[in-house]
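Hello,

Here is the structure I said I would pass on. Please open it and keep it beside this message as you read.

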Amino acid sequence: MMKMNCFTALALSSLVLLSPRVEAQSGRIRTPVSERATHDDKDTVRLRAEEVLLPISVRSDTGKLPTFLDRFDFIVSEDGKRQQVTSVMRTPANILLIIDTSGEVLTRKNINLNRELALKIIDSLGDEDQAAIVTYSDKVTLISGWTKDRAALRAALNENFKPGLEGRFYESLKFAAEEVLPKVSGRRSVVLLTDGVDSDGARSFSEALAGLNRARATVYVAGHNKMLLDELRPIVFNKLSWFEMIDPQVRKRYNFMRRYAKQLEAAEVVLADLAQETGGAIWNPEKREDFPSLTPKIVEEIGTEYVVAYSSERDPRDREFHSVKVFVTRRDLKVRSRRGVYANPGAGN
């Protein structure tokens, strides 16, 4: 496995940068370039060329970072129509850690594993990289805004890491997409340290995914689900559990754990979908002792991120979701990207 000592933000010396600099992740809106008649000849729709900044993950066929990339190495298709790629670039990493601090009682979950992994990720930040930290349990809390100061990030985790009972998972994603991610430009990476279980049934996966897509954030997941399910299933689904459940208190505890196991199974699918839809990755270790060792894998994956810029003509009123596919023109490259983007997501988004 390739050794990554940081999410380095330094541009590759051989990388061809055709765009003068990276702007907000939503892309830049150029001046009107064309007009198109509508059904009523008296009305016209003025199209504007939006420069879309699309995060992608690129590796060589050996699994290493490619030594050279330019815009001709990629083909971008939006809604089935080829777009003009204008540049490929590396930018500093903006990493939002969203950390689950909920529900240790009766669930066998150890939230300190999340803090331990988060601290290791912070130690791996490059000089130009920055991070922010959100925790969630009974409420969602921004315990550290965007900063390059590793000491401040570590202090936030050590001093403001508060456990709770309920898990506001979807609320944390909504807060991240609307309040935290828009404050930075360039690459936006979200690292979820969680079991993905939500206590509020009013929230939905589609709402959370739409928010992350509007922010054009790439999601990486370090999940507790498999290791917790492997521990819970033999306890609460064994043939003799009915005998133990004669005791009302034991029955109450077992029913809670059984319900939690079902929630873990459903959340496992949700977490995998969040990563896949946004072009990220997921890790779901089988054993607790394997959880802290995820650090180099997460660091390595975020280190493969580049930004592809392409131009797309749009109605300035367009706020729709557009499917996106990225292809490579070189046999030695492999690419992963999000499933689509929202048009003109707005200032700061």
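**Salt bridges**

A network of salt bridges links Glu50, Glu78, Arg216 and Arg314. Please keep in mind that this is a predicted model. Side chains of opposite charge can pair when their charged atoms come close.

One link to look at is the salt bridge between the side chains of Glu78 and Arg314, at 2.9 Å from N to O. This pair links distant parts of the chain, with Glu78 in strand S3 (residues 74-78) and Arg314 in strand S11 (residues 305-314), 236 residues apart. Glu78 and Arg314 are both buried.

Where does Arg216 lie? Arg216 is in the loop between helix H4 (205-214) and strand S9 (218-223). Its relative accessibility is 0%, so Arg216 counts as buried. A polar atom of the Arg216 side chain lies 2.6 Å from the backbone oxygen of Tyr342.

The structure holds 20 salt bridges. Among them is the one between Arg59 and Glu300, whose closest N and O atoms are 2.9 Å apart. Arg59 sits in strand S2 (residues 44-60) and Glu300 in helix H8 (residues 295-303), so the pair links distant parts of the chain, 241 residues apart. Arg59 has 17% relative accessibility and counts as buried, because the cut-off for buried is under 20%. Glu300, at 7%, counts as buried.

Helix H8 also holds Glu301, which is 35 residues from its partner Arg336 in strand S13 (residues 333-337). The side chains of Glu301 and Arg336 meet in a salt bridge, again with 2.9 Å from N to O.

Strands of a sheet pair through backbone hydrogen bonds, either parallel or antiparallel. In this model, an open sheet of 6 strands has the order S7-S6-S5-S8-S9-S10, and its pairing is mixed. Strand S7 (140-147) and strand S10 (281-283) are the edge strands, and each pairs on one side only. On average, neighbouring strands of this sheet are turned by 15° against each other, direction ignored.

Strand S5 (residues 94-100) and strand S8 (residues 189-194) run parallel and are joined by 5 bridges. Ile99 stands opposite Leu193 in S8.

Which strands does helix H2 (residues 150-159) lie across? Helix H2 lies across S5, strand S6 (130-136) and S7, and runs at about 165° to S7. Helix H8 lies across S5, S8, S9 and S10, running at about 175° to S10.

**Aromatic pairs**

How many aromatic pairs does the structure hold? There are 4 aromatic pairs. One of them is Phe169 with Tyr170, a tilted pair with 5.3 Å centre to centre and 55° between the planes. Phe169 counts as buried at 0% relative accessibility, and Tyr170 counts as buried at 12%.

The ring centres of Tyr220 and Trp283 are 6.5 Å apart and the planes are at 20°, so this pair is stacked. Tyr220 lies in strand S9 and Trp283 in strand S10, so the pair ties together parts that are 63 residues apart in sequence. Tyr220 and Trp283 are both buried. Ring pairs also link Tyr136, Phe169 and Tyr170 into a cluster.

Regards

Methods. Residues numbered from 1 in each chain as written. Predicted model: local features only at pLDDT ≥ 70, side-chain atom pairs only at ≥ 80, totals over all residues. Heavy atoms only, no water. Helix = DSSP H or I, 4+ residues; strand = E, 2+ residues; numbered from the N terminus. Buried < 20%, exposed > 50% of the residue type's maximum accessible area, 1.4 Å probe, protein only. Polar contact = N/O pair within 3.5 Å; in protein donor to acceptor, adjacent residues only side chain to side chain. Salt bridge = Lys/Arg side-chain N within 4 Å of Asp/Glu carboxyl O. Pairing = 2+ DSSP bridges. Axes fitted to C-alpha atoms, helices over the stretch in contact; angles between N-to-C directions. Contact = heavy atoms within 4.5 Å. Phe/Tyr/Trp six-rings, centres within 6.5 Å; stacked < 30°, edge-to-face > 60°.
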